[in-house]
Amino acid sequence: MVEMMKNPFFSFPDLENEYPSSYTPLLQDQISKQDHERPRNVQQTSNKGLLLTFSLFICIAFVVVFTGSDHSSMSPVVVIDDDNRPSLSSPSEKLTPIIPRGVSEGVSEKSFHPVSGDGILLFPWSTNMLSWQRTAYHFQPQKNWMNDPDGPMFYKGWYHLFYQYNPDAAVWGNITWGHSVSKDLINWLDLPFAMVPDHWYDINGVWTGSATLLPDGSIVMIYTGSTNESVQVQNVAFPANLSDPLLIDWFKYSGNPVLVPPPGIGAKDFRDPTTALQVSDKWRIVIGSRFNTTGIALVYETTDFLSYKLLDGLLHEVPTTGMWECVDFYPVSTTAANGLDTSVNGPGVKHVLKASLDDTKKDYYALGTYDSETNTWTPDDPELDVGIGIRYDYGKYYASKTFYDQNKKRRILWSWIGETDSETADIKKRWSGVQGIPRVVTFDKKTKTNVLQWPVQEVESLRHSSVEFDKVKVEAGSIIPLDVGTATQT
């Protein structure tokens with residue numbers, strides 16, 4: 001049993017910034033080290049005549065020219081030729097800076113990790129070098145770019161996962177909704193694309209959205225589209241055949257878009273609607289935005305998912321947190337271990353408000369109380385508010401989204417892992433992005449200040465052996481090595 005002695009949230013290291021890259025260019029380091037070990041001057045021995053003196057002069061001149069006064073700037077560059085053999089290129093050659101895709105849209109996480117520029121040389125990974133990096137258990141498509149999870153749900157015996165996907169390349173762009181289904185959240189079947197950018201209201205991308213299962217068995221999908229003028233609008237889509245458990249075919253509402261940015265909200269600051277929650281006979285969705293540098297959550301109300309009313313005030317706001325995207329809003333039980341349907345509220349219930357901070361590309365959440373009468377959410381602890389307190393994960397973990405699994409009465413958390421590879425490496429390996437192992441989220445009855453996360457039970461089917469540790473005490477912010485044997489990347 002591992003015992004947490006104190007609240008550790010302010011002590012956790014930021015693993016993403018602590019270790020900004022997973023891969024070290026060993027060949028470059030070895031070459032630089034060898035180069036630094038070369039002698040910088042030559043000691044003259046006995047004078048054996050004019051010819052020897054002249055020869056030594058030439059030798060010294062050669063060493064000075066080779067090393068130079070600023071040796072670090074003259075380090076050779078490792079180049080991998082067509083046969084995957086390393087060789088040295090001229091140190092005067094300079095790499096052309098690469099601008100990651102999606103920067104202008106504010107949605108490409110690669111833009112937060114410089115891949116080239118003045119004084120920064122990329123390690124030239126080959127395709128063979130990168131082939132081993134593909135994961136074994138995390139969800140990812142066969143190839144190309146993937147980012148945010150979309151519209152996860154359980155329907156007629158199948159778990160559905162939609163996701164942001166570029167069918168053309170391993171870089172951000174041409175965002176389409178990929179679609180896969182599973183019986184156990186481990187083994188997945190790829191299906192045809194659910195939605196493609198084919199209308200003026202989503203021609204620049206079918207962006208993040210959420211699914212809502214209605215009491216009558218119908219399903220509505222609300223998603224953000226980037227228009228032909230790059231304005232972020234909200235659109236609606238429905239399954240073409242509800243009797244199909246795989247939900248292969250979808251059609252878009254002819255009256256799209258159903259929502260456009262309201263007055264005072266920027267054209268590119270209005271995205272990622274949540275799963276709807278029911279209040280009396282109406283439904284509410286939350287959309288992320290900002291006022292200057294203040295992150296905000298807007299709430300819209302509807303009865304038919306086709307026409308909407310912007311409610312007065314804000315669900316919540318936090319200054320200096322910047323644009324809120326991929327907002328998630330859901331209840332957790334403070335007394336029971338099971339998950340709750342998104343519409344549940346009342347005694348014994350706390351509400352989690354989560355925002356993905358566009359400025360830092362990190363997910364923050366907080367626990368609080370939702371007052372449906374005033375349409376406001378209040379954090380339990382203002383010092384642990386959204387964007388300044390607790391994160392789901394302190395590594396690479398972004399654009400997360402939960403759904404209620406009515407099959408096993410649990411709330412499941414998905415999230416995009418953007419990795420730290422450069423865009424150049426992604427192109428070489430022909431894929432980018434994986435989904436985190438799905439986790440079950442529950443309220444922490446011990447601390448009462450955070451949620452607990454644990455991999456879904458189905459992951460245990462992958463284990464062939466286990467190692468157990470007992471009576472290990474972990475102090476807040478401490479790191480305790482545990483010998484679990486060897487492991488491979490998964």
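Predicted model: local features only at pLDDT ≥ 70, side-chain atom pairs only at ≥ 80, totals over all residues.

Modeller: Residues are numbered from 1 along each chain as its sequence is written, and side-chain values use heavy atoms, with hydrogens and water left out.

Biologist: Is strand β14 buried or exposed?

Modeller: Strands are DSSP runs of E with at least two residues, helices are runs of H or I with at least four, and both are numbered from the N terminus. Buried means under 20% relative accessible area, exposed over 50%, and partly exposed in between, with a 1.4 Å probe and protein chains only. Nine of the nine residues of β14 (residues 294-302) are buried, so the strand is largely enclosed by the rest of the structure.

Biologist: Which residues of β14 point one way, and which the other?

Modeller: In a regular strand the side chains alternate between the two faces of the sheet. Here T294, I296, L298, Y300 and T302 point one way, G295, A297, V299 and E301 point the other way, and all are buried.

Biologist: How many bridges join β13 to β14?

Modeller: Two strands pair if DSSP finds at least two bridges between them. Nine bridges join β13 (residues 282-291) to β14, and the two run antiparallel. F291 has T294 as its bridge partner in β14. Two residues lie between the strands of this hairpin, where N292 takes a positive phi near 55 degrees.

Biologist: What does β14 form with β15?

Modeller: The two form a hairpin with six residues between them, and F305 in the turn has a positive phi of about 65 degrees. Two bridges join β14 to β15 (residues 309-310) in antiparallel fashion, with Y300 opposite L310. β14 also pairs with β16 (residues 316-318), antiparallel over three bridges, and there A297 stands opposite H316.

Biologist: Where is L482, and is it buried or partly exposed?

Modeller: L482 lies in the segment after β28 (472-474). L482 has a relative accessible area of 41%, so it is partly exposed.

Biologist: With which side chain does D421 make a polar contact?

Modeller: A polar contact is a pair of N or O atoms within 3.5 Å; within protein, one must be able to donate a hydrogen and the other to accept it, and residues adjacent in sequence count only if both atoms are side-chain atoms. The D421 side chain makes such a contact with the side chain of K429 (2.3 Å). D421 sits in the loop between β23 (410-417) and α5 (423-429), and counts as buried because its relative accessibility is 5%.
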